[in-house]
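Visitor: I would like to learn how to read the strands and rings in a model like this one. Where do we begin?

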Amino acid sequence: TILLTVTGVQTCALPISNPGMLLQAENDIGIDMLNSFFIGDQMSDVIASCKASVRPILVTTGIYSEDFTKSSAYKEILPPTFKNLTECVSYIKSCL
């Protein structure tokens, strides 16, 4: 899981299923959540990022074989979804 901020990249090897780690990062290192992106490979990452007011991005390169498009959360949130990090970076650059 990757949290991309305007000041750099923070990586996290632990699955993030709730916004607690994101909110802690906001407090500990002063991340501007509204101007950051959260890249995850599971819908739980997307949901956590929304709860923490971080823009979610779903990258389907993870080890999980879940069909995201059938998820009710996916249909509700409709996060930008990419097949790889290269496509993801291009999207982020277009948003800046």
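**Strands and rings**

Guide: Begin with β4: four of its five residues are buried, so β4 is largely enclosed by the rest of the structure. Keep in mind that this is a predicted model.

Visitor: Which strands does β4 (residues 55–59) pair with?

Guide: Strand β3 (residues 37–40) is joined to β4 by four bridges, and the two run parallel. Strand β5 (residues 81–82) also runs parallel to β4, with two bridges between them. Val 59 stands opposite Phe 82 in β5.

Visitor: How does the chain get from β3 to β4?

Guide: The chain passes through helix α2 (residues 43–51), and this β-α-β crossover is right-handed.

Visitor: Which way do the side chains of a strand point?

Guide: In a regular strand they alternate between the two faces of the sheet. In β3, Phe 37 and Ile 39 point one way, Phe 38 and Gly 40 the other. All four are buried.

Visitor: What sits over the ring of Phe 37?

Guide: The charged end of Arg 55, 4.0 Å from the ring centre.

Visitor: How many aromatic pairs does a search of the whole structure find?

Guide: One. The ring centres of Phe 82 and Tyr 91 are 5.3 Å apart, and the planes meet at 40 degrees, so the pair is tilted.

Visitor: Is Tyr 91 buried or partly exposed?

Guide: Tyr 91 is partly exposed, at 28% relative accessibility. Phe 82 has a relative accessible area of 14% and is buried. The cut-off for buried is under 20%.

Definitions and conventions. Residues numbered from 1 in each chain as written. Predicted model: local features only at pLDDT ≥ 70, side-chain atom pairs only at ≥ 80, totals over all residues. Heavy atoms only, no water. Buried < 20%, exposed > 50% of the residue type's maximum accessible area, 1.4 Å probe, protein only. Pairing = 2+ DSSP bridges. Right-handed = clockwise from strand over helix to strand, strands pointing away. Phe/Tyr/Trp six-rings, centres within 6.5 Å; stacked < 30°, edge-to-face > 60°. Lys NZ or Arg CZ within 6 Å of the ring centre and 35° of its normal.
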